[in-house]
Amino acid sequence: METLSRLIDRRPPVAPTASCEAVWALLEADQTAFSLAVVDGGKPVGVIYRDVFMGMMAVARAALAQQPIAEIMDTSPRQVPADTELGAFVDRLADNPSPVFRTAFVAVDEAGDYVGVGGLGPLLASYRRRQREAREAMALVERMATDINHHLDGVLAITERLEQQRLTPDASAFVRAIGDTSRDMGAMLGRAIDLHRSTLGQLPLASRPVRLCDLADAVEARWSVRAAEGGSTLLFSYDGEPDCGVEVDAERLLQVFDALIESALASGRGVIEACLQARIGQDGVHLEGSVRDNAVGQAEDRLARIFDPLGAARIEDRTEMALGVGMALAHQIMRGMGGEVRAEANRGAGLTVRFGLDAPLAETSVAPRAEPSHDTRAAHILIVDDNATNRMVAEALCDMFDCTSEQAVDGLEAVEMARSGRFDLILMDIKMPRMDGVTATRAIREMQGHPATTPIVALTANADPSDVQTYLAAGMQDVVEKPIKPDRLATVLSALLNDAADEDVAA
């Protein structure tokens with residue numbers, strides 16, 4: 001924690017009886033002095049602002065020269081404890097009614113004695129610089145976390161392929177352990193990033209029509225098997241109109257239920273009763289979610305986990321830290337949705353944790369979102385990427401969709417392989433050595449015959465609108481973001497391969 005003590009100027013003060021001429025001489029001798037404190041008996045009694053004082057002396061030096069500095073000093077200097085945290089001081093300035101012209105402050109110790117002076121301009125500049133550095137550092141951390149998640153997706157794709165092989169029981173157990181650990185790490189990274197964004201007020205909430213009974217089914221499907229594997233029983237119920245639909249971010253609500261159920265499971269084996277209740281009113285639908293368990297344990301300690309999820313004692317333990325991040329994120333999501341998380345000890349054993357919020361009523365005919373079609377027809381696909389893990393993930397997905405594939409490690413190799421005309425579609429990375437994906441696409445489009453019309457899909461983490469326009473202008477048909485989501489890839493492959501088939505029939 002950075003305090004003001006590191007940012008203040010500890011120059012000697014002047015006495016209130018010092019003449020203006022003497023103070024003028026001090027400031028002339030030291031051009032870096034932006035202010036001087038006036039101290040009597042160790043206590044600050046005033047402050048001189050360089051610009052104001054020098055301006056006065058330029059106009060009326062003859063009249064002021066022998067006057068004591070106490071006659072013209074600011075007699076109400078802003079006094080701040082030297083151990084004040086920098087961020088807290090800047091926040092206090094925003095709410096402080098002191099006049100703007102007070103561009104300096106006097107730092108004092110616990111006894112109120114003078115320590116040094118500080119300038120608000122340099123201090124605010126330092127604070128803004130540190131904020132910028134913190135934002136840049138966090139952006140780097142988020143980028144690294146995204147890359148780690150990307151590689152974890154690759155590990156999961158590999159484990160899924162291994163699980164389809166004939167392995168010994170021990171090998172199968174190892175593969176499952178690798179997959180479970182990768183999924184847990186990926187989930188924790190995602191929650192940590194979401195939590196950071198939420199504290200900055202940048203957590204996206206995407207409200208869409210959702211049927212509440214489908215949301216309830218999703219929670220049960222997500223946790224019933226895992227609860228059973230841990231020796232617990234999850235009973236989930238939905239209490240509301242069967243076709244009741246609301247406008248809400250269903251994925252964020254799932255994250256809240258995740259945190260509450262995961263916390264209950266971590267407290268011991270038993271029965272967990274979860275419920276989603278919906279009551280339709282004149283202004284919309286009031287949603288009430290609850291998770292009740294009967295785990296034996298100290299209620300005070302468990303309540304502390306709910307209301308102080310990132311306490312110092314908890315973040316020392318990896319498991320507790322993962323639970324704490326999830327619970328802290330649940331609180332932030334509820335605040336963002338205008339609700340809150342509440343908890344209370346049961347009369348017997350365990351806790352009941354609830355959350356409530358209001359949501360607009362949607363059309364009751366809202367149906368579950370249809371699963372993307374995987375009708376990609378048998379196709380031969382060229383996978384172009386300089387990263388071996390990325391190629392393996394794409395290959396595993398192509399296998400999942402009953403497509404065969406070949407691989408190229410850069411754009412130059414892709415161009416040579418595309419000349420054969422044996423590919424139905426090309427998955428093209430963008431940033432590669434020797435030749436990037438955009439240049440390779442343009443080269444393929446300049447060929448004759450079938451290669452020139454082969455559908456090309458960009459695989460990239462850079463999918464901003466301006467980037468997408470560049471890819472499309474180069475001759476690509478669509479974009480799939482990394483890390484690759486199977487449903488998104490299936491939708492794109494289905495659309496492009498079926499279109500290509502229709503064109504062949506028409507021809």
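Reply: Two residues are in contact here when heavy atoms of one lie within 4.5 Å of heavy atoms of the other. The model is predicted.

The residue in question is Asp429, where an unreviewed UniProt entry places the feature "modified residue: 4-aspartylphosphate". Aspartate 429 belongs to strand β16, which covers residues 425-429. Its relative accessibility is 6%, and a residue counts as buried when that value is under 20%, so aspartate 429 is buried. Setting aside residues up to four places away in sequence, aspartate 429 touches Val384, Asp385, Asp386, Gly437, Leu459 and Lys482.

Next comes the wider region. UniProt, again in an unreviewed entry, lists residues 380-497 as "domain: Response regulatory". This span is 47% helix and 20% strand, and its end C-alpha atoms are 10 Å apart. The domain assignment of the protein gives four domains: domain 1 (4-125), domain 2 (142-200), domain 3 (208-359) and domain 4 (380-504). Between the centres of domain 3 and domain 4, taken over C-alpha atoms, the distance is 41 Å.

On the α12 side, Gly411, Val415 and Ala418 take part, and they meet Ala440, Ala443 and Ile444 of α13.

Two loop residues deserve a note for their backbone. Most residues other than glycine have a negative phi. Arginine 434 is not a glycine, yet its phi is positive, at about 65 degrees. Arginine 434 sits in the loop between β16 and α13, and β16 is the strand that holds aspartate 429. With a relative accessible area of 63%, arginine 434 is exposed. Aspartate 402 also has a positive phi, of about 60 degrees, although it is not a glycine. Its place is the loop between α11 (388-400) and β15 (404-408). Aspartate 402 counts as exposed, because its relative accessibility is 61% and exposed means over 50%.

For another setting, consider domain 3, assigned to residues 208-359. Helix α7 (residues 250-266) and helix α8 (residues 299-307) pack with their axes 12 Å apart, at an angle of about 155 degrees. That angle makes α7 roughly antiparallel to α8. The contact is made by Ser263, Ala264 and Ala266 of α7 and by Arg302, Arg305 and Ile306 of α8. The crossing of α7 and α8 is right-handed. Serine 290 lies in strand β10, residues 284-293. Its relative accessible area is 17%, so serine 290 is buried. Leaving out neighbours within four places in sequence, serine 290 is in contact with Phe257, Glu273, Ala274, Cys275, Val353 and Arg354.

To return to the part you asked about: aspartate 429 is a buried residue in strand β16.

How values were computed:
Residues numbered from 1 in each chain as written. Predicted model: local features only at pLDDT ≥ 70, side-chain atom pairs only at ≥ 80, totals over all residues. Heavy atoms only, no water. UniProt positions renumbered as here; feature names shortened; annotations may be inferred. Helix = DSSP H or I, 4+ residues; strand = E, 2+ residues; numbered from the N terminus. Buried < 20%, exposed > 50% of the residue type's maximum accessible area, 1.4 Å probe, protein only. Domains from an automatic or database assignment. Axes fitted to C-alpha atoms, helices over the stretch in contact; angles between N-to-C directions. Parallel < 35°, antiparallel > 145°, perpendicular 65-115°, else oblique. Left-handed = near helix turned anticlockwise from the far one by under 90°.
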